[in-house]
Amino acid sequence: TGWTGRLLLIGALGGLQGAIGWWMVSSGLSGAVVDVASYRLATHLGLAFIILGFIGWYVLLLGRPEKDLLAARRIREGKLFGLSTGLLHFTFLQIVLGALVAGIDAGRGFPTWPLMNGQFFPADAFYVPGRPVWAAFFENPGLVQFMHRMTGYLLLAFGVVVWARGRKSAHLATRRAFNAVLAMLVVQVALGIFTALTAAQLHMAITHQVGAVLLWVLILRARHLAQYPVAGSVRKGTQ
């Protein structure tokens, strides 16, 4: 029920994405990319993941009969659903930070790990020529990459917390879904490290971006199973 509104939402977001895409591309039409190009890229990518999130959620809903969803809702795991929602939002923040990194080529300046060219905190992190201090959080390559790295570590830690709660689920499908989330999260962190070590070579950067899409979809799936668990059977070994 209510699919008309849902489909209209996807259409409206698609139209908005087209407008934002033009807004982003227009920043480079003058021959030199303007200062706000990275913001526009981050906005465009962020909205793309929001659209993907809605479409993914709708696909998961359509994958099961409505009567089964109504029955599953009665045994929903509210705390796990809330934690997975938090993980989804946290991942979205990290994705937007990654877009800022890509927008100013911040991944090329510090091809070392775990330190950034021998320092934990990059030198001149709050300096951007001719710009106020606050702009450094979006335009200084060292500070932007530092935020992306630190957020990645925190995201992994929070992911472990969510996984620990997910592995206590009474439903096998839910436990497996959260196992997949943690596995992909570890892989994505590793891909981020290798991307930094290769100074964001194209093949590594693209692989890292694909990893973000996979992680996003896996979190959506785990969140859906927390909201609509698939009841297992002891006799069939699915519980």
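Modeller: A residue is called buried when its relative accessible area is under 20%, exposed when it is over 50%, and partly exposed in between, as judged with a 1.4 Å probe and protein chains only. Ala123, with a relative accessible area of 47%, is therefore partly exposed. The model is predicted, so local features are reported only at pLDDT of at least 70 and side-chain atom pairs only at pLDDT 80 or more, while totals for chains, interfaces and linings use all residues. Numbering starts from 1 along each chain as its sequence is written, and side-chain values rest on heavy atoms, with hydrogens and water left out.

I shall take the stretch around Ala123 as the part to examine. Ala123 sits in the loop between helix 4 (78-103) and helix 5 (136-139). Helices here are DSSP runs of H or I with at least four residues, strands are runs of E with at least two, and both are numbered from the N terminus. The C-alpha atoms of Ala123 and Gly142 lie 7.5 Å apart in space, although 19 residues separate them in sequence.

Asp124 counts as exposed because its relative accessibility is 61%. Elsewhere in the chain, Ala200 also has a positive phi, about 55 degrees, without being a glycine. Ala200 is placed in the loop between helix 7 (172-197) and helix 8, and at 16% relative accessibility Ala200 counts as buried.

The structure contains eleven aromatic pairs; rings of Phe, Tyr and Trp (for Trp, the six-membered ring) pair if their centres lie within 6.5 Å, and the planes count as stacked under 30 degrees apart, edge-to-face over 60, and tilted for the rest. Phe49 and Trp216 are both buried. In the part under study, Phe126 and Phe137 have ring centres 5.8 Å apart and planes at 65 degrees, so this pair is edge-to-face. Phe126 is in the loop between helix 4 and helix 5 and Phe137 in helix 5, so the pair links parts eleven residues apart in sequence. Phe126 is partly exposed at 42% relative accessibility, and Phe137 is partly exposed at 37%. Phe126 and Phe137 belong, with Phe120, Phe121 and Phe146, to one aromatic cluster.

His224 lies in helix 8 and is buried, with a relative accessible area of 3%. Contact means heavy atoms within 4.5 Å; apart from residues up to four places away in sequence, His224 touches Trp57, Leu60, Leu61, Arg64 and Leu69. Gln227 is found in helix 8 (residues 202-227) and is buried at 6% relative accessibility. With neighbours within four places in sequence left aside, the contacts of Gln227 include Trp57, Ala72 and Phe81. The side chains of Gln227 and Arg76 are joined by a polar contact of 2.7 Å. A polar contact is a pair of N or O atoms within 3.5 Å; within protein, one must be able to donate a hydrogen and the other to accept it, and residues adjacent in sequence count only if both atoms are side-chain atoms.

As for the whole chain, its secondary structure comes to eight helices and zero strands. The C-alpha trace spans about 65 × 40 × 30 Å along its principal axes. Of the 239 residues, 41% count as buried. Among contacts between residues at least 6 apart in sequence, 76% join residues at least 24 apart.
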